[in-house]
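Biologist: Please take a close look at one helix packing in this model. Then say what lies around it in the rest of the chain.

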Amino acid sequence: MNRAALTKRILGKLHKREAVVGGIGNSNWDLWAAAPSRPENFYMLGSMGLAAPIALGVALAQPERRVLALEGDGSLLMQLGCLSTIAAQAPRNLIIVVWDNAIYQITGGQPTPAAQSGTDWVAIARASGIAKSHWAADEAEFDTLIETALTTDGPHLIAARIDSEPGRHQTDRDPVRFAQAFTRAMALPIG
C-alpha cells in the first residue's frame, strides 16, 4: 500500500474537525501534501516518536473529539512504552495509524530492528492492552478499519505495511504558525 494515498483516504473521511498529529518525516510530509491548510493538523518537526504521545494528550484534553496519530514504524520504536500508557488511559477517541515500511526512510533507508526481528505492531499493541488493534491487509480493509475507528470507542491501532515511496512535499518549517493554528482549531466546537 502507499502511505500518501492512504493519508488522503483518511482525510477524505474526516468531517468533524478531528485532530490529526503527523509524525516526523514522510508521515508528516504526506499529511502536509494532502491538506496543508487544514488547521486541525499538527505537524511534528524533528520530534521522533512523539506523534502518539501528543495525540494521547489531545485525546485526553478533548474527549469528544476524535484524534489520530500518523506514525512511522521507526518513530514508534522510539516511544514503544507509550502503547502501555495509552492502554492504561484508555481514551475512547484515539486512533493510532502505524506506517510499516521496515526502514528508517528519511535517514538513508536503514532497516529498522523491527524489520530484522519480525516485530508485530498489532501483537505489541494488544499485549500492551490496546485490544482494538488490527493489520490492514489492503486498501479496502484499511478503509473499513478507519471507518470503524471513527465511529466506535477505542483506543484503536491500525497498522499498514506500506511501500517505501518517499514523501514528495516537505512540510513548511513554521512550528509557531502550526501550533497557533492547531490551538485555535482545538478551541472550536466539533463539527
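**The packing of α1 and α8**

Modeller: Helix α1 (residues 3-12) and helix α8 (residues 139-151) have axes that come within 11 Å and cross at roughly 35 degrees. Axes here are lines fitted to C-alpha atoms, for helices over the stretch in contact, and angles run from 0 to 180 degrees between N-to-C directions. Helices (H or I, at least four residues) and strands (E, at least two) are DSSP runs, numbered from the N terminus. The crossing of α1 and α8 is right-handed, that is, the near helix is turned clockwise from the far one by less than a right angle. On the α1 side the contact (heavy atoms within 4.5 Å) is made by L6, R9 and I10, and on the α8 side by E139, F142, D143 and I146. Of these residues four are nonpolar, none is polar and three are charged. Ala, Val, Leu, Ile, Met, Phe, Trp, Tyr, Cys and Pro count as nonpolar, Asp, Glu, Lys and Arg as charged, and the others, Gly among them, as polar.

This is a predicted model, in which local features need pLDDT of at least 70 and side-chain atom pairs count only at pLDDT 80 or more, while totals for chains, interfaces and linings use all residues. Residues are numbered from 1 along each chain as its sequence is written, and side-chain values use heavy atoms, with hydrogens and water left out.

Next come the loops that follow the two helices. R17 sits in the loop between α1 and β1 (19-22), and its phi is near 55 degrees, a positive value in a residue other than glycine. Most residues other than glycine have a negative phi, and most peptide bonds are trans. R17 is partly exposed because its relative accessibility is 32%; buried means under 20% relative accessible area, exposed over 50%, and partly exposed in between (1.4 Å probe, protein chains only). R17 is also one of the residues in contact with E40, among them E18, A19 and F182, when neighbours of E40 within four places in sequence are left aside. E40 itself lies in the loop between α2 (26-34) and β2 (41-43) and, at 7% relative accessibility, counts as buried.

In the loop between α8 and β8 (156-161) is P155. A cis peptide bond, with omega about 15 degrees, joins G154 to P155.

As for the whole chain, it has nine helices and eight strands. Buried residues make up 49% of its 191 residues.
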